[in-house]
Amino acid sequence: MSDRRAIQLKAFVPARDFALSKQFYQDIGFDLGYDEGGLAHFSHGACAFLLQDFYDKVFAENLMLHLLVEDVDAWWSAIHDADIEERYAVGQSRVELRPWKMRDFTLGDPSGVLWRIAENTVG
């Protein structure tokens, strides 16, 4: 099976307002790589996704992405302190311990995509 080794998986994330979404993702800590032809590459460390200048309400509002981080409190604080919730009219929940052995919070993006940002509570 070594010839079938996967290298990377990236989600295509929809954007109702492409310019606004690009700024949102930069403001929460992602680095903008390329941005061409209605497609923008964002990364943070080894994690990446593609933001597309495409929007479908049903798709966007049913898409959930999970970002595993080392320090969920640091992520929560950075997003909260940057006033992202008010600036972009999105929701940000408090950090909570989940039954699946993670602490996480949710963050909506300007298009309705839901992010679950989490850290493991067990090694």
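Helices here are DSSP runs of H or I with at least four residues, strands are runs of E with at least two, and both are numbered from the N terminus. By that count, this protein chain has four helices and eight strands. Starting at the N terminus, their order is β-α-β-β-β-α-β-α-α-β-β-β. The radius of gyration, taken over C-alpha atoms, is 15 Å, close to the 14 Å from the globule rule for 123 residues, so the chain is as compact as a globular protein of that length. That rule is 2.2 Å times the number of residues to the power 0.38.

A quick word on the model, everyone. It is predicted, so local features need pLDDT of at least 70 and side-chain atom pairs count only at pLDDT 80 or more, while totals for chains, interfaces and linings use all residues. Residues are numbered from 1 along each chain as its sequence is written, and side-chain values use heavy atoms, leaving out hydrogens and water.

Now, the inside. Of the 123 residues, 38% count as buried, meaning under 20% relative accessible area with a 1.4 Å probe, protein chains only. Which residues touch the most other members of the largest nonpolar core? They are Tyr25, Leu51 and Trp115, in a core of 28 residues. A nonpolar core is a set of buried Ala, Val, Leu, Ile, Met, Phe, Trp, Tyr and Cys residues joined through side-chain atoms within 4.5 Å. Helix H3 gives the most to this core, four residues.

Let's finish with Tyr25. Beyond its neighbours within four places in sequence, Tyr25 is in contact (heavy atoms within 4.5 Å) with Val13, Phe30, Phe42, Phe49, Leu51, Asp109 and Trp115.

Conventions: Buried < 20%, exposed > 50% of the residue type's maximum accessible area, 1.4 Å probe, protein only.
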